[in-house]
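User: I'm new to this one, so could you walk me through a few of its helices?

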Amino acid sequence: REHGAGYLHHFFVGENLDRFATDRYNEPRSLLFYVPIVAGGLLPWSPFMAPWTRTAWQVATRRRALSREQWWLVAWAAVPFVFYSISVGKQPRYVLPILPPLAILLARSIEWRMASPGDTGRQRTLRWCTVAAAGILLLLGALLHRAKPLLFALDPATGTVATTVIVVAGAGLLALAWARRPAWLPVGIAAASVATLLSLHYSIYSAEGIEPVQKMTAVFRMHWPRATPSYPPA
């Protein structure tokens, strides 16, 4: 009412239709743009999605049926993924809502394999997925170690600790994969995930440093040292 039709056009057409169908806000991106984002968002659990290819084939050929709950979870993840994949204005954060249903499906899949101790094929698949997860953590630790000179906000001591924690988590997960204790795998992967996330958070994401807004404030104070923020009277 206050801004008239201009606001409605800006919101519904500019911020929604234009963002979906045109390159007004960013360059067009690949149809597979969200695949690495989803895989990265589920790390280090992502390798456990690999057996889903066989499950999908079995479902497609009617050799296996999904429950109603599983179909709901698949739809919850698939519909937003397809919708945002065909859009032009792709942003990584748009696809984040599909991570919860994928996490639930992953948990159900791991639980199903763990509940079959006599099935060597399922146990072998679980073990190799864990090995892949451990390899990802070891690779991440190596890349973080090599990238320390480029991470200008990273304190060298903190970077060393973070790299060590991630490598130890990967090595421990690798040892756990061959310990023939499938019941320990989810706990081990969860512990490695928490250790990796905390290491990245405290070494990179929340590292001390001057933010751009702080630089602007310093320049402003240098030119106008007597300037103080003013507010209208209450």
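User: What should the 27 residues of H6 span at 1.5 Å a residue, and how far apart are its end C-alpha atoms?
Analyst: Keep in mind that this is a predicted model. Counting 1.5 Å a residue, the 27 residues of H6 should span 39 Å. That agrees with the model, because the end C-alpha atoms of H6 are 39 Å apart.

User: How far does H5 reach from its first C-alpha to its last?
Analyst: H5 has 16 residues, and at 1.5 Å a residue the expected reach is 22 Å. The model comes out close to that: from first C-alpha to last, H5 reaches 22 Å.

User: How are H5 and H6 placed to each other: parallel, antiparallel, perpendicular or oblique?
Analyst: H5 covers residues 99-114 and H6 covers residues 120-146, and their axes are 9 Å apart. The two pack at an angle of about 135°. An angle over 145 degrees would count as roughly antiparallel, and 65 to 115 as roughly perpendicular. H5 and H6 are therefore oblique.

User: Which residues in H6 meet H5?
Analyst: H5 passes H6 in a left-handed crossing. On the H5 side, the residues are Ile110, Trp112, Arg113 and Met114. The contact divides into four nonpolar, two polar and two charged residues. In H6, the ones that meet H5 are Arg122, Gln123, Thr125 and Leu126.

User: Which residues of H5 are buried?
Analyst: Here, buried means under 20% relative accessible area. In H5, that group is Leu99, Pro101, Leu102, Leu105, Leu106, Ser109, Ile110 and Arg113.

User: At roughly what angle do H4 and H5 cross?
Analyst: H4 takes in residues 68-85, and its axis comes within 8 Å of the H5 axis. The crossing is left-handed. Its contact includes Leu73 and Trp76 of H4, along with Ile104 and Leu105 of H5. By class there are nine nonpolar, one polar and two charged residues in that contact, and the axes cross at roughly 140°.

User: Is Gln91 buried or exposed?
Analyst: Gln91 sits in the loop between H4 and H5. Leaving out residues up to four places away in sequence, Gln91 touches Asn26, Arg29, Phe33 and Tyr34. Its relative accessible area is 17%. The cut-off is under 20%, so Gln91 is buried.

Note on methods: Residues are numbered from 1 along each chain as its sequence is written. This is a predicted model: local features need pLDDT of at least 70, side-chain atom pairs count only at pLDDT 80 or more; totals for chains, interfaces and linings use all residues. Side-chain values use heavy atoms; hydrogens and water are left out. Axes are lines fitted to C-alpha atoms, for helices over the stretch in contact, and angles run from 0 to 180 degrees between N-to-C directions. Helices (H or I, at least four residues) and strands (E, at least two) are DSSP runs, numbered from the N terminus. Angles under 35 degrees count as roughly parallel, over 145 as roughly antiparallel, 65 to 115 as roughly perpendicular and the rest as oblique. A crossing is left-handed if the near helix is turned anticlockwise from the far one by less than a right angle, and right-handed if clockwise. Contact means heavy atoms within 4.5 Å. Ala, Val, Leu, Ile, Met, Phe, Trp, Tyr, Cys and Pro count as nonpolar, Asp, Glu, Lys and Arg as charged, and the others, Gly among them, as polar. The expected span of a helix is 1.5 Å times one less than its number of residues. Buried means under 20% relative accessible area, exposed over 50%, partly exposed in between (1.4 Å probe, protein chains only).
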